[in-house]
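Okay, everyone, I've got one structure for you today. Have it open on your screens, and let's go through it residue by residue.

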Amino acid sequence: MARQTVCLRKAADGDRKRIVQFDRFLGNHKVTAERIIEHWGEMTALAAAGRHILAIQDTSEIGFRTGAGRRRGLGEIGKGNTFGLLLHAMIAVDAESGHCLGLVDGRIYTRQGRRTIPHGERPPEDRESERWLATARAADDLLGEVAASVTVVADRESDIYAEWASLPGPKLDLLTRVRKDRRLAGGGMLYGHAAALPAAATRALALPARPGRSARTAGVELRFGKVDIRRPDACDRALPASVALHVVHVSEPA
């Protein structure tokens, strides 16, 4: 991280002895990506003791400029016109100080060919989205006994009913950006219900400039309340018929 490079020669400052050490370490059959991640997680668990941990997970696509004869097992990423690998990682952040404590869990994988069976027709364990649940479970297993509490934070792809129905516990919470306008157990839809909740607060958020948008101040309204999400028709019938959640709705009226 300090050197911003993956070139071993640069990381070793040109020291021949250090380069040999790197080569022997990475060439050892006992050194695997899985074991490195596992060991890193063990060290993070020590640092997480007694803290409220934000366990933040997401997926990065790492592309390589390579020809058909030199891909060495790399799979399709992006829109299928680039080859590389995917890194799904979870980091632990102290909720109070904001300090990053290290890696919790993750996996490195490639997509080997395109799937012919639609996503919704495959069993959960055969879906790429299973990584969100597996990583959250790993956070509970690794940090649950040592941390004061763990909040798993994830983006829209982690909006999965099975995750809401099976993972939250006494010390594990989920905070996920909504992707689907879900049906409510008592009738109605999530988006409409959340928008109709009474405004609890207003805030002025300073939005920085970015390509295609100048800097500005956004006036937003905050709403929140309890909802009962109905189990989707295509979901596993062994899961409960509904799940009680809290929804937080932020909108910009103007």
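So, the side chain of Arg231 reaches the backbone oxygen of Leu239, at 2.7 Å. Keep in mind that we're looking at a predicted model, where local features need pLDDT of at least 70, side-chain atom pairs count only at pLDDT 80 or more, and totals for chains, interfaces and linings use all residues. Residues are numbered from 1 along each chain as its sequence is written, and side-chain values use heavy atoms, with hydrogens and water left out.

Back to the arginine. Arg231 sits in the loop between strand 8 and strand 9 (242–251). Strands here are DSSP runs of E, at least two residues, and helices are runs of H or I, at least four, numbered from the N terminus. Does Arg231 count as buried or exposed? It's buried, and yet it has no salt bridge. Buried means under 20% relative accessible area, exposed means over 50%, and partly exposed is in between, with a 1.4 Å probe and protein chains only. For a salt bridge you'd need a side-chain nitrogen of Lys or Arg within 4 Å of a carboxyl oxygen of Asp or Glu. The nearest side chain of opposite charge to Arg231 is Asp233, 6.9 Å away; for charge, Lys and Arg count as positive, Asp and Glu as negative, and His and the chain ends aren't counted. Leaving aside neighbours within four places in sequence, the contacts of Arg231 (heavy atoms within 4.5 Å) include Tyr161, Arg183, Asp236 and Pro240.

Next, His88, over in strand 3 (residues 82–94). His88 counts as buried because its relative accessibility is 0%. What does its side chain touch by way of polar contacts? It makes one with the side chain of Gln57, at 2.7 Å. A polar contact is a pair of N or O atoms within 3.5 Å; within protein, one must be able to donate a hydrogen and the other to accept it, and residues adjacent in sequence count only if both atoms are side-chain atoms. The His88 side chain also reaches the backbone oxygen of Asp58, at 3.5 Å. Again skipping neighbours within four places in sequence, His88 has contacts that include Thr59, Tyr109, Arg131 and Trp132.

Now for strand 7, residues 201–207. None of its seven residues is buried, so the strand lies largely in the open. Strand 7 runs antiparallel to strand 8 (residues 216–230), with seven bridges joining them; two strands pair if DSSP finds at least two bridges between them. One example is Ala201, whose bridge partner in strand 8 is Leu222.

Most residues other than glycine have a negative phi, and most peptide bonds are trans. Asp13, though, has a positive phi of about 55° and is not a glycine. You'll find Asp13 in the loop between helix 1 (8–11) and helix 2 (16–27), and it counts as exposed because its relative accessibility is 57%. Arg72 also has a positive phi, about 45°, without being a glycine. Arg72 is in the loop between strand 1 (52–64) and strand 2 (75–77), and with a relative accessible area of 81% it's exposed.

Zooming out to finish: the protein has six helices and nine strands. Of its 254 residues, 29% count as buried. The C-alpha atoms fill a box of roughly 65 × 45 × 45 Å along the principal axes.
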